[in-house]
Amino acid sequence: MQQPKTVQQQNAPQSLLADFRVVDFTTGIAGPYCTKMLVDAGADVVKIESDPAGDSLRRRNRDRGQTDSALFQYLAAGKRSIRGTVRDEHVRAFVAGADLVVESGELTIDDIELIRSTTPGVDILSITPFGRTGPWAGLPATDFTLQALAGSLAIRGPEGREPLQAGGRLGEWIAGSYAAATALGLCVGTRRRGRGGEWADLSMLESMCIAMALYHPVTATLSGAPGRRTARTVEIPSVERCLDGYIGFCTITAQMFQDFLIMIDRAELLADDSIVDVRRRQERYADFQSMIESWTSTMPADAIDEIAGAMRIPVSPIGTPETVTENAHFAERGVFVENPAGFVQPRRPYLVDSVVPGAVGRAPLVGEHDGAEPWTPRVQPDRPLGDADAAPLAGIRILDLTAFWAGPAATQVLAGMGAEVIKVESVQRPDGMRFTSTRSPGEAAWWEAGGVYQGANAGKLGVTLDLSRPEGVDVLLEMVRHADVVIENFSPRVLDNFGLTWDRLRETNPAVVFVRMPAFGLSGPWRDRTGFAQTMEQATGLSWMTGYRDGSPMVLKGPCDPVAGLHAVVATLSALEYARAEGRGCFVEVPMVESALNVAAEMVIEYSANGKSLSRDGNRGPDSAPQGVYRCAGGADDWLALAAHDDAQWTAITAVLDLPDSVLDADFDTADGRRRHHDRLDELLTEFCAGRDVDELAAALTARGVPAARVVDPSRILENPQARHRGFAEKVDHPVFGPLEIPGLPAVFAARKEPAFTTAAPMLGQHNDEVLTALAGLDAAHLEDLRDCNVIGDRPLHL
């Protein structure tokens with residue numbers, strides 16, 4: 001099989017995390033992806049394998065002739081391997097010299113307390129489905145059942161069909177991304193405080209609730225209907241058939257949609273409110289799709305891509321296992337690189353000071369480093385286990401020029417870990433998420449009532465500055481003098497037009513870290529294109545992996561935004577450490593699409609290594625059979641999600657459902673047989689679930705060790721007892737809307753007693769006087785002058 005062209009990488013890697021030592025007990029995807037991201041930043045990661053045969057991921061879908069699976073070799077690249085357990089002396093010696101221990105349920109609570117008491121300076125990060133404590137701790141779960149509980153299934157697919165998962169086990173990759181961001185927060189906090197010893201307990205479910213449910217609980221509350229049912233919709237235009245496959249569109253703004261109608265030669269629809277109004281468009285879905293495809297089906301994807309791109313309509317050919325590595329933009333940027341095992345993979349999704357990452361390291365053999373000398377033990381501080389600490393990033397100041405969801409998702413994580421984040425907008429161009437409002441224009445402060453805006457911007461200060469005016473730029477530069485980080489996600493040309501270049505920022509503050517989050521990067525054919533989460537899903541193959549077995553690819557409804565944000569957090573905190581070590585600031589580029597490529601990597605890796613072309617498979621998965629959703633008694637929305645990973649779980653399902661021997665075919669006795677006859681299994685489970693209560697079934701199945709869950713409406717994801725136990729739902733008080741409940745961070749910190757967020761998202765320009773006086777030195781008269789000429793303000797112009 002011909003390999004796609006890759007760019008030669010430099011041999012001397014750029015290490016951002018000097019002497020950062022990690023002991024990794026994790027298995028699965030989430031934990032290993034977390035520690036992979038730490039390796040990418042320069043950490044020395046030692047993988048502990050308790051099974052003499054090694055991590056089970058080594059054998060997952062392993063192709064004939066492979067020592068280890070391609071997915072394992074992607075996730076373990078550059079790590080070391082030692083066999084043993086935390087109770088072994090050799091492993092304990094590595095723990096004594098580590099900065100961070102990462103585990104995903106392999107350690108008991110007693111093991112964790114032993115580490116905390118004997119090596120009190122070591123930080124610990126746990127990554128488990130529900131967290132290590134609470135009523136659901138220890139319940140069986142998979143990515144699929146966690147998606148059901150997180151509201152992800154209930155927002156996807158049309159009414160009248162079963163709810164649908166996001167493909168590619170995306171929830172596990174999201175949890176790993178949150179874990180890496182948390183790990184870097186611990187690293188920065190420990191080095192700045194001079195002591196570690198924190199235990200961060202991360203819930204995969206809570207990670208997925210934040211990233212995969214579009215803040216529906218907040219939206220429902222702002223709509224005056226908390227806990228309301230969320231109608232399922234399918235975006236249109238989105239993934240459409242064309243002459244040679246599929247093409248993807250995303251029309252977030254009214255202008256983009258109007259341009260789209262003109263492009264497809266249907267300008268007469270500009271006056272048709274049943275098409276223009278996004279809320280009414282669903283009623284004419286089939287009719288409108290027919291109009292779209294009467295145009296798209298006449299041309300190949302490349303031709304449509306060129307036309308739409310020229311009109312600045314977000315567009316992308318749908319990435320597939322065969323085509324994504326041949327994308328001209330990715331090829332020019334050198335995004336895909338060689339793994340030493342002989343396949344291609346996406347490179348680290350960010351650049352620091354424009355330095356291309358070094359060559360990918362080799363994954364270790366089982367126990368390859370059993371004889372390695374442990375690190376020199378760290379000097380351990382005298383720290384009582386119950387001692388409280390400030391938030392990890394306390395004392396770090398960030399100027400946040402981002403908008404929509406990807407950038408704000410990044411800065412909110414930083415704010416939640418203690419950084420002071422100052423959100424910078426303008427009355428000419430407020431954050432676009434303000435206008436996805438639950439209130440009608442004309443109502444008081446209606447632009448403040450967007451659910452995603454409120455959910456993704458809590459804990460920040462807010463100012464307005466018109467950066468198209470020299471007066472606004474001058475004020476911002478004064479603020480830059482007092483900042484540690486400046487972060488933005490405009491299209492590349494915008495900041496250049498403002499004159500806010502890297503040279504100008506570092507001249508103003510030589511120590512500042514400048515983070516840019518362009519959709520596609522600062523170079524390449526797509527440099528100046530507009531792109532949103534849906535575009536990233538379409539381009540990278542995530543859409544290809546999501547959809548019904550008999551249908552077209554589908555967008556995932558936004559999780560690529562927080563995915564990009566989390567990778568930006570990892571890049572930002574790694575760069576802060578690098579800047580501290582180098583004694584100077586640095587420039588960071590985190591293209592949104594490259595973050596998405598990293599979490600979609602399995603599709604590329606399997607095709608490159610084994611010639612396997614993965615594709616969407618409805619609600620089925622590679623590791624479980626049966627896996628699906630089945631309607632139960634009680635109502636149209638009472639769906640049960642279940643997944644049987646092995647024969648014992650299948651036997652438990654047959655017992656709980658009381659399946660008679662007459663329907664239990666011998667074909668169902670093995671996992672391979674159940675996969676081959678999944679259609680028959682679906683029919684059987686549909687019949688025997690139909691008369692049962694969904695909550696009773698879920699409780700009975702989980703009690704028998706079977707991953708099972710109700711498919712939860714996204715507006716109700718904060719209501720479960722596990723979220724209440726962990727304090728995941730945090731209450732803030734909004735000046736206009738009163739008390740709001742928002743998702744907090746997905747990690748509980750043992751040494752931090754206060755909530756992650758104590759203030760609501762800032763109103764437009766809410767902190768102008770406070771912040772601009774303190775950081776830019778403006779007096780009352782200067783502030784009034786700026787207000788008079790609309791350089792600052794607290795109400796959007798041109799409404």
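Q: In which order do the three strands of the open sheet stand, and is the pairing parallel or antiparallel?
A: As a general idea, strands of a sheet pair through backbone hydrogen bonds, and the pairing may be parallel or antiparallel. In this predicted model, the order is β19-β20-β21 and the pairing is antiparallel.

Q: Which strands stand at the edges of this sheet?
A: The edge strands are β19 (627-631) and β21 (708-710). Each has a single partner strand, so one side of each is left without a neighbour in the sheet.

Q: How many bridges join β20 to β21?
A: Strand β20, residues 639-643, is joined to β21 by three bridges, and the two run antiparallel. To find a position in this pair, look at L642 of the chain, which stands opposite A708 in β21.

Q: Which helix lies across β20 and β21?
A: That is helix α27, made of residues 694-703. Helix α27 runs at about 160 degrees to β21.

Q: What joins β22 to β23?
A: A hairpin does, through three residues. Strand β22 covers residues 729-734 and strand β23 covers residues 738-743; six bridges join them, and they run antiparallel. Within this pair, V732 stands opposite L740 in β23.

Q: At what angle do the axes of helix α17 and helix α29 cross?
A: The axes of α17 (residues 470-480) and α29 (residues 768-776) cross at roughly 65 degrees and come within 8 Å. Angles of 65 to 115 degrees count as roughly perpendicular, which makes α17 roughly perpendicular to α29.

Q: Is the crossing of α17 and α29 left-handed or right-handed?
A: The crossing in which α17 passes α29 is left-handed.

Q: Which residues make the contact between these two helices?
A: From α17 come V475, E478 and M479, and from α29 come V771, L772, L775 and A776. Sorted by kind, the contact residues of α17 with α29 are six nonpolar, no polar and one charged.

Q: Into which domains is the chain divided?
A: The domain assignment gives domain 1 as 251-313, domain 2 as 397-601 + 770-789 and domain 3 as 626-710.

Q: How far apart do the C-alpha centres of domain 1 and domain 3 lie?
A: The C-alpha centres of these two domains are 42 Å apart.

Methods. Residues are numbered from 1 along each chain as its sequence is written. This is a predicted model: local features need pLDDT of at least 70, side-chain atom pairs count only at pLDDT 80 or more; totals for chains, interfaces and linings use all residues. Side-chain values use heavy atoms; hydrogens and water are left out. Axes are lines fitted to C-alpha atoms, for helices over the stretch in contact, and angles run from 0 to 180 degrees between N-to-C directions. Helices (H or I, at least four residues) and strands (E, at least two) are DSSP runs, numbered from the N terminus. Angles under 35 degrees count as roughly parallel, over 145 as roughly antiparallel, 65 to 115 as roughly perpendicular and the rest as oblique. A crossing is left-handed if the near helix is turned anticlockwise from the far one by less than a right angle, and right-handed if clockwise. Contact means heavy atoms within 4.5 Å. Ala, Val, Leu, Ile, Met, Phe, Trp, Tyr, Cys and Pro count as nonpolar, Asp, Glu, Lys and Arg as charged, and the others, Gly among them, as polar. Two strands pair if DSSP finds at least two bridges between them. Domain bounds come from an automatic or database domain assignment.
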